[in-house]
Amino acid sequence: MVAAGADLADEVGPARLTMGLLAERLGVRAPSLYKHVGGQEDLLRGIAALALGQAADAVGTAVQGLAGRDALAAALRAFRAFVVAHPGRYATTTGREPTGPEDPMALAGRRLLDVFRAVLRGYDVEEPKVDHALRALRSLCHGFAVLEAAGGFRWSTDIDESFEWLLAFADRGLRAV
């Protein structure tokens, strides 16, 4: 049911996703959904955990066997592709805090961060600076991908060329740290 909710969130956005709409999509009555989730927020948390896990899988697969700029490029491209392909489910990942260290959102989020930490090892980023580097990479890629998914780049310059520029910018920045 969470997967169906994630698909629906990608179609209509998480703000328009309701238990009633999901029940309609699944061909069941809304009260039967409560056997599987505790309510709207529980559904959105489940979608967020699913999205973080799927992003971790996509990025992890993309960087396997790579290091340095190649790993960075693969990671950022995979993250961008995931967000653009799944804007609704990805949107559920922001603004929600895990309830504890064993919360599925926390576990999936750590998996994704661990992949990016591995990418940073190719840049010799010192441990006290890793959190800053992770935040910088997330800000760059999150911002770009969310804007792209929302149609925010409507002028003539090629979007892929702009993303490659961002990638080169991130690579130079990480080498300078």
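**Thr-93.** I started with Thr-93, which counts as buried at 10% relative accessibility. I call a residue buried under 20% relative accessible area, exposed over 50% and partly exposed in between, using a 1.4 Å probe and protein chains only. Thr-93 sits in the loop between helix 6 and helix 7. Helices here are DSSP runs of H or I with at least four residues, and strands are E runs of at least two, numbered from the N terminus. I then looked up the neighbours of Thr-93: leaving out residues up to four places away in sequence, Thr-93 touches Ala-48, Ala-51, Leu-52 and Arg-138. Contact means heavy atoms within 4.5 Å. A polar atom of the Thr-93 side chain also lies 2.6 Å from the backbone oxygen of Tyr-90.

**A note on the model.** This is a predicted model, so I kept to its rules: local features need pLDDT of at least 70, side-chain atom pairs count only at pLDDT 80 or more, and totals for chains, interfaces and linings use all residues. Residues are numbered from 1 along each chain as its sequence is written, and side-chain values use heavy atoms, with hydrogens and water left out.

**Salt bridges.** How many salt bridges does a search of the whole structure find? I got 13, taking a salt bridge as a side-chain nitrogen of Lys or Arg within 4 Å of a carboxyl oxygen of Asp or Glu. One of them joins the side chains of Arg-89 and Asp-10 at 2.8 Å, N to O. Arg-89 lies in helix 6 (residues 87-91) and Asp-10 in helix 1 (residues 2-12), so this pair ties together parts that are 79 residues apart in sequence. Both Arg-89 and Asp-10 are buried. I also noted that Asp-7, Asp-10 and Arg-89 are linked in a network of salt bridges.

Next I looked at Arg-45 and Asp-103, whose side chains meet in a salt bridge of 2.4 Å, N to O. Arg-45 belongs to helix 4 (residues 40-63) and Asp-103 to the loop between helix 6 and helix 7, so the parts they tie together are 58 residues apart in sequence. Arg-45 and Asp-103 are both buried.

**Helix 9.** I found that helix 9 (residues 159-176) has 18 residues. Its buried residues include Phe-163, Leu-166 and Leu-174, and the buried residues of helix 9 pack against helix 5 (68-85), helix 7 (104-121) and helix 8 (127-149).

**Cores.** Which residues have the most contacts inside the largest nonpolar core? I wrote down Val-59, Leu-72, Leu-76 and Phe-116, in a core of 38 residues. A nonpolar core is a set of buried Ala, Val, Leu, Ile, Met, Phe, Trp, Tyr and Cys residues joined through side-chain atoms within 4.5 Å. Helix 5 gives the most to this core, with 10 residues. A second, separate core has 12 residues, among them Leu-17, Met-19, Ala-23 and Leu-33.

Technical notes:
The expected span of a helix is 1.5 Å times one less than its number of residues. A polar contact is a pair of N or O atoms within 3.5 Å; within protein, one must be able to donate a hydrogen and the other to accept it, and residues adjacent in sequence count only if both atoms are side-chain atoms.
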